[in-house]
Amino acid sequence: MLKGIWHAVITAAVIAGAPMAATAQSGGTIKIGVLHSLSGTMAISETTLKDTILMMVDDLNKKGGLLGKKVEAVVVDPASNWPLFAEKARDLLSKEKVAAVFGCWTSVSRKSVLPVFEELNGLLFYPVQYEGEESSKNVFYTGAAPNQQAIPAVEYLMDNEGGAAKRCVLEGTDYVYPRTPNKILEAFLKSKGVAPEDIKINYTPFGHSDWQTEVAAIKSFASAGKKTAVVSTINGDANVPFYKELANAGIKASDIPVVAFSVGEEELAGIDTKNLVGHLAAWNYFQSVKNPTNEAFIKQWHDFIKNPKRVTNDPMEAHYIGFKMWEQAVRQAGTTDVDAVRQAMYGQKVKAPSGFVAVMNTNHHLSKPVMIGEIQANGQFDIVWQTKEAIKADAWSPYLPEDKGKIADWTYPWVCGNCTAPKYTD
Amino acid sequence: MGAGTPSPAVRDGLQSAVKRVRVLLLSSLTLLAIAVAPLARADEFASLLSDLANGGFADKEKAVIALGRLGDERAVAVLTALKDGRLIKTPDGRILVSDAVRLTDPISSTAVSGITADEAERIRVNNRLRGAIEGAIGELTLFSSDPAARLAAAQDALRHPSADQPALLEKAIAAEQDAAIRAAMQQSLLASRLVAGSKAEKLAAVRALGDKTDPQIKNLLDQFRAAPDTDGELRQAADAALASIQNRLRLVRLAASLFEGVSLGSVLLLAAIGLAITFGVMGVINMAHGEMIMLGAYAAYVCQQLFRAFLPPGWIDGYLLLAVPVAFMFTAAVGILLERSVIRFLYGRPLETLLATWGVSLILQQAVRSIFGSPNREVANPAWMTGGFDPVGGFTITWNRLTIIVFCLIVLGVLALILNRTSFGLHMRAVTQNRAMASVMGIRSARIDALTFGLGSGIAGMAGVALSQIGNVSPNLGTIYIVDSFLVVVFGGVGNLMGTLVGALSLGIVNKFLEPVAGAILGKIVVLVAIILFIQRRPRGLFALKGRTAEAEA
């Protein structure tokens, strides 16, 4: 009887105390937000990233948490709906009071949440390779900028080892991301002496499913007497029918290599790769990299997801780096206060699964290695080329005339993401 | 005669002895040479093999070319294995060929036991190396006993013309019995003469090549024309040849566009036939139609996985034969369930039906996402649907698309038979034309409604199996096709199968002729605008229903 009363009292106390603990935030947990689509078109890619962050949080809590507190991930589902991304971001920052947000995949979604993060002074870790041309005080870009993916990939294709391509087809999905790298690549190719008639740029709609015309066009473009390569910025679901058509039309990698910027291990899992061996992808990380950090990363992932067949990929590695850096910065700052953490982020180093040390630069982008991988019959990539050292990301491309002289540097005296003169002068 | 001079008899004897020794020496030398030659070659083979495994990509390329020149039959197996990623290096430095079941030592051609492929390291290749390997295999297999290999080698020689090819090809042509292979070899010989031949030979080659229709030959001639050492007369001949090839290639391109259009049309048709029944015949605005297609594609995936898990590997190519009826039955069951539980309460209220079926589509999508996960699932083409063939150069017909065209026509034919020749078809038409009268005649209209909806859904499921062969299998599969399906049905004329057929094919063909000119995005917009204008003029589509039904609906 007495025991029953005690139970009631304790339960009442807990119920009364719960909202207080949540709002006070110092009650023993640090909250972080996870803003990835778990339904809709982008769920295909983003669900894995949500799981990656949950894995990192789980691991951190097992090791005793951060600043003596447990870390709690608040997962929301923006459902591949761009305006909903902004709404959910506002919820996370103003209602849940999260210390940092890990999220977004498409550039549209990032552009949609950007004003919210700047208005409420939040912290976003964005893990996907993107078009560059941006450096916000409130975003850390842990994916590749064009000079860490597109340019080295094309340099490889034009190199003797990559087949000495003299003509290029830039095949992309029609939206924000492919247009900018293609603009940069076009300028880059021209600067390397490639004639304008040797560059063909073609765009197809999102989810394009009938690739017969495009593949035939690539074939005929390639029969003009010069070695031809295809640079693909085709996004998401459109890749499977593209590669199926490519394989069945008999385009061999040794004749016309295709290098993709949006196809990783996760995407290959949905394609029969037997006839695609030799086509390429450029990333900063491949699952097939051999080093102890990567082995531990893969094991941790398999243990967490309880499925030894699941693959790891580049954006997952970017989240791994981003999370570790945030963790280190919070420890260094001794607080989760956004401004203090941001200052502590600059120069943070993390031993990445790629086998290199990733460094956060003052332009809010990383220094990472660039790797070119060839598709193998087992759905993995063989690394055929990689940079000797980590490459520093350019937020603004030196190949675009409109970017001339633009600097992104958030330390004194510049303190800006897009300016041609320092903010402070003596 | 001097004292030291031997007698003739002795001299004869001596001479013959010397001769004999010489012959003996010579013959033993030859014997030695015969014995040593393969030994030396074997050594070279082994050392090249180790170059393959140990050098950088550039060293590997040299070794590949040298292996091709060696003329050693064993090199074919090694190079093929290298190209396919089956050449492995064991931790103790041996180089072995691995196939699915066992490991072989390529030097002695004996099986190796006591080690598995997993313990060894795969020898890596890149695209440049792959090109070199293809060239080397081509030279080695030009004299192979397998006709398919010889044909492949002859065609391959066209893509890698080199200065030492003419001699090799001439020898191969002399030995060749098969006319088709000889023709391919002759074509490659002409091409290689462009690279290495006298001026007269080059001129003859250019003129002969002008009669061919193949982008690869156009490519070679382009290169030849642009080469700095091509003089005026040759250049003129090349121009003439190129012009005639160009003309014929243009025709080929037209034929290819037509095929692409028919192929796209057949895909649209397959996706739309089911809707032509649920929307066209029954008048249900079925937004969950795309999800029925998606369920069919997942049924194909499940069948493939079952075949992989439980049946011998040789049977996997047959999984589609099971997938088609399974997909039909499963989606038909889901369709009947949907009709009985939701749609039958909403007949005559199109807007509510639209919203309800849209909700159902979201539920189905998320259900599949929860069961199978959101990433794409891999559905492989069976071997008989992989690849394609070139009826003429520069025009590839892929087997999967051809199969889908045929499958689509079969489905349409069977459906027309069901509608026009069975009592179920008769009842169905009766119910849709005049429900009250049909009921009076003793037709159980509710049962017919459920079965009709099930039939439409089942056909959508079969379409899903076909679409899994050319595209994604993901929870979003349906959303890609739903808009196009409605477009086809509305354009073709609601309630008319013939209209759906003509609508789908014309949309496909127009799309494919517009796309190369206007680009995929603009092409789509143009088609959409054209359809809107068309519907303004003829609101009932291409084939409007005439007679009593039309009056009843009006």
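What share of the 554 residues in chain B is buried? Hi everyone, let's start there: 45% of them are buried, meaning under 20% relative accessible area with a 1.4 Å probe and protein chains only.

A quick word on the ground rules. This is a predicted model, where local features need pLDDT of at least 70, side-chain atom pairs count only at pLDDT 80 or more, and totals for chains, interfaces and linings use all residues. Residues are numbered from 1 along each chain as its sequence is written, chains are lettered from A and ligands numbered from 1 in the order in which they are written, and side-chain values use heavy atoms, leaving out hydrogens and water.

Staying with chain B, we find 20 helices and seven strands, which are DSSP runs: H or I of at least four residues for helices, E of at least two for strands. Its radius of gyration is 34 Å, well over the 24 Å from the globule rule for 554 residues, so chain B is more spread out than a compact globule. That radius is taken over C-alpha atoms, and the rule is 2.2 Å times the number of residues to the power 0.38.

Now for chain A. Here we have twelve helices and 18 strands. With a radius of gyration of 23 Å, close to the rule's 22 Å for 426 residues, chain A is as compact as a globular protein of that length. Of those 426 residues, 62% are buried.

Over residues 12-26 of chain A, though, pLDDT stays under 50. Where pLDDT is low, the predicted coordinates should not be read in detail.

Conventions. Buried means under 20% relative accessible area, exposed over 50%, partly exposed in between (1.4 Å probe, protein chains only). pLDDT is the predictor's confidence in each residue, from 0 to 100. Contact means heavy atoms within 4.5 Å.
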